[in-house]
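Please keep the sequence and the model in view while working through the numbered points.

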Amino acid sequence: MSSKLLEKLSPPTDAEELDKELGSCDDLDSLPSTMMFNGRLVMIKEDGYSPSQPNKGEVVFEEEDESSDVDELDFPVDSISRGFSISKLSQDLRPKVRFEIVSTRVCEEGRNKYVLYSIMVVKTDGLDSDKAVVERRYSEFTNLCKELKKVCPELISKVRLPKKVYGSKNFDGEVIQSRCRAFEKFLSYIYTNDSVRNATAFKEFFYLPDLRQACSDIRGGKWTDSLRLLTNSLHLQQKLGDGIPEIVATLGSMVVAYDKIARFKEAEQYAEAALELIGSNVSSSYLIPLLNTRIELCWRLGKEKKDAEKRLATVQKISGIEVEHAFTLRELAVHRYSDVFD
């Protein structure tokens, strides 16, 4: 890509530069018919550009779903958006939490009828205003127990979950209440074990399905749908002591979604939080795209961006990776659970 074209695609740094760029756009008709941009080959047309046939291994996004209404999202005001330090929120490897089944409901899918139990995870150390709730059915509790038996057989040998009942007894009030108490004790008991908290089955029970769905929603441009899932999953990851790299990946996905619906303030806050967690780890694949995105967001918001620019320049020098050669945040989000980056 020519340096002249790069200048046209780069955000201006002040009002005078903006005026100059607006006044020099009359030669855009001389753009080439095709060019590489952000890792994808695009075809330049009179009415804009469109992706050409992708090469093998290239990241391809589905057409965005414009039916997702931004106004329908009740934007959560959580600790990060209130300005609390993400490092303090995520520093505990085993935060003190309480598991409460706050409600139940009967679901019917064709001939299949079952009870869903709503589990709220609450931090007991200090005030907790970050809502985190998941719904699970009886079979998912028993499956978790079965999978954890492979990881911690001695621990799980002491667990006695309620026995399976059949027919209308499944929906008996006393049976449901008894199961609620048993499930709360079960989760509180297994949570104390480090191996359990690090087990894939434990994460699968609480948040991995929603994170995978959120990545799929980002691929399809369903930004508000992805944010609902990502926000709840982030709170669960923090409360249940998930690793920093995984929390950073979730924050990066949230930056993508907030940026796409023009909620630049929130996007910048979550980008800053992710960068705070990464710290000096220059090996993180999220560092360069997060820094680059935050610089653009600061420009949009009229915030100081010199520190971010200096940090990006230092990281590029150390890693030898330029911005245009790094994956974008959206590419990382879309393929978070695929083997593309393995």
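1. Is Cys180 buried or exposed? In this predicted model, Cys180 has a relative accessible area of 8%. Buried means under 20% relative accessible area, so Cys180 counts as buried. Cys107 is likewise assigned to the buried class, because its relative accessible area is 10%. As for bonds between cysteines, the number of disulfides comes to zero.

2. The overall composition should be noted before the details. The protein contains 15 helices and six strands. It has 342 residues, of which 41% count as buried. Among contacts with a separation of 6 or more, 60% join residues 24 or more positions apart.

3. Helix α11 deserves a careful reading. This helix covers residues 244–260 and has 17 residues.

4. Which residues of α11 are buried? They are Ile247, Val248, Ala249, Thr250, Leu251, Gly252, Ser253, Met254, Val255, Val256, Ala257 and Tyr258. The partners of these buried residues are the helices α9 (208–219), α10 (223–239), α12 (264–278), α13 (287–301) and α15 (329–334).

5. Ala262 is placed in the loop between α11 and α12. Its phi is positive, at about 65°, although Ala262 is not a glycine. With a relative accessibility of 46%, Ala262 counts as partly exposed.

6. Helix α13 may be examined in the manner used for α11. It has 15 residues, and the distance from its first C-alpha to its last is 21 Å, close to the 21 Å expected at 1.5 Å a residue. Its buried residues are Leu287, Ile288, Pro289, Leu290, Leu291, Thr293, Arg294, Ile295, Leu297 and Cys298. These buried residues pack against α11, α12, α14 (306–319) and α15. Just after α13, Gly302 adopts a positive phi of about 75°.

7. How do two helices pack, and what describes the arrangement? Two packed helices are described by the angle between their axes and by the distance between those axes. For α12 and α13, the angle is about 145° and the axes are 9 Å apart. Their crossing is left-handed. On the α12 side, the contact is made by Phe264, Lys265, Ala267, Glu268, Ala271, Glu272, Ala274, Leu275 and Ile278. On the α13 side, it is made by Leu287, Leu290, Leu291, Arg294, Leu297, Cys298, Arg300 and Leu301. Sorted by class, the residues in this contact are 12 nonpolar, no polar and five charged.

8. Ser233 belongs to helix α10. Its relative accessible area is 0%, so Ser233 counts as buried. Leaving aside residues up to four places away in sequence, Ser233 touches Tyr207, Asp210 and Leu211.

9. Leu148 is found in helix α4, which covers residues 138–151. Because its relative accessibility is 0%, Leu148 counts as buried. When residues up to four places away in sequence are not counted, Leu148 touches Pro153, Ile156, Ile190, Val196, Ala199 and Ala201.

10. Where does Tyr117 lie? Tyr117 is in strand β5, which covers residues 112–123. With a relative accessible area of 0%, Tyr117 is buried. Tyr117 and Glu135 are 18 residues apart along the chain, while their C-alpha atoms are separated by 5.3 Å.

Key: Residues numbered from 1 in each chain as written. Predicted model: local features only at pLDDT ≥ 70, side-chain atom pairs only at ≥ 80, totals over all residues. Heavy atoms only, no water. Helix = DSSP H or I, 4+ residues; strand = E, 2+ residues; numbered from the N terminus. Expected span 1.5 Å × (residues − 1). Buried < 20%, exposed > 50% of the residue type's maximum accessible area, 1.4 Å probe, protein only. Contact = heavy atoms within 4.5 Å. Axes fitted to C-alpha atoms, helices over the stretch in contact; angles between N-to-C directions. Left-handed = near helix turned anticlockwise from the far one by under 90°. Nonpolar A, V, L, I, M, F, W, Y, C, P; charged D, E, K, R; others polar. Disulfide = S-S within 2.5 Å.
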